[in-house]
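Some labels for a protein model rest on a number set against a cut-off. The questions below take such labels one at a time.

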Amino acid sequence: MKLLREYYELCEGGLPRYIKSWYNFVDVLSCLTTMVALSAIVWLGASTELHLVDALVALASLLNWFKIVWFLRGLSFSA
C-alpha cells in the first residue's frame, strides 16, 4: 500500500519535486542500493571476494537504518 502511495506522489509531482524531500531521496537511494547489491550477489555469486559487494550491502544497511531512525523521531515515545 505504501509503495502505491509513493508511486502516486511521484507521478503527480514528477521526479525533481519528489526527490526534493530528504526522506524520499533516502528512500529511493536505499531501494536502488539494495537492489544493486542483491543483483551483484546473485550475478557475481555470494562467495566472491569482491569488496564492492560488501560496500554496497553496508551502504544499503546504513540507509535503511537512517530511514528507521528518521521515522522514529516523529513518534512520541522516541522524541
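**Lys 67 and its surroundings**

Q: Which residues does Lys 67 touch, not counting residues up to four places away in sequence?
A: Lys 67 touches Tyr 23, Val 26, Asp 27 and Ser 30. A contact means heavy atoms within 4.5 Å.

Q: What should be known about the source of these values?
A: This is a predicted model, where local features need pLDDT of at least 70 and side-chain atom pairs count only at pLDDT 80 or more, while totals for chains, interfaces and linings use all residues. Residues are numbered from 1 along each chain as its sequence is written, and side-chain values use heavy atoms, with hydrogens and water left out.

Q: Why is Lys 67 called buried?
A: Buried means under 20% relative accessible area, exposed means over 50%, and partly exposed lies in between (1.4 Å probe, protein chains only). Lys 67 has a relative accessible area of 15%, so Lys 67 is buried.

Q: What makes the pair of Lys 67 and Asp 27 a polar contact?
A: A polar contact is a pair of N or O atoms within 3.5 Å; within protein, one must be able to donate a hydrogen and the other to accept it, and residues adjacent in sequence count only if both atoms are side-chain atoms. The side chains of Lys 67 and Asp 27 make such a contact at 2.8 Å.

**Helix H4**

Q: How many helices and strands does the protein chain have?
A: The protein chain has four helices and zero strands. Helices (H or I, at least four residues) and strands (E, at least two) are DSSP runs, numbered from the N terminus. Lys 67 has its place in helix H4.

Q: How do you know what span to expect for helix H4?
A: The expected span is 1.5 Å times one less than the number of residues. For the 22 residues of H4 (residues 51–72) this gives 32 Å, and the end C-alpha atoms are 32 Å apart, which agrees.

Q: Which residues of H4 are buried, and where do they lie around the axis?
A: In H4, the buried residues are Val 53, Leu 56, Ala 60, Leu 63 and Lys 67. They cover an arc of only 95 degrees around the axis, which puts them on the same side of H4. The arc is that of the directions from the helix axis to the C-beta atoms. These buried residues pack against helix H3 (22–44). The face turned away from the buried side carries exposed residues: His 51, Leu 62, Trp 65 and Val 69.

Q: Why is Thr 34 called partly exposed?
A: Thr 34, found in helix H3, has a relative accessible area of 25%, which lies between the two cut-offs, so Thr 34 is partly exposed. Thr 34 touches Ala 60 and Asn 64, not counting residues up to four places away in sequence.

**Aromatic pairs**

Q: How many aromatic pairs does a search of the whole structure find?
A: The search finds three aromatic pairs.

Q: Why is the pair of Tyr 7 and Tyr 8 called tilted?
A: Rings of Phe, Tyr and Trp (its six-membered ring) pair if their centres lie within 6.5 Å; planes under 30 degrees apart count as stacked, over 60 as edge-to-face and the rest as tilted. The rings of Tyr 7 and Tyr 8 have centres 6.2 Å apart and planes at 50 degrees, so the pair is tilted.

Q: What makes Phe 66 and Trp 70 an aromatic pair?
A: The centres of the two rings are 5.6 Å apart, and with 45 degrees between the planes the pair of Phe 66 and Trp 70 is tilted.
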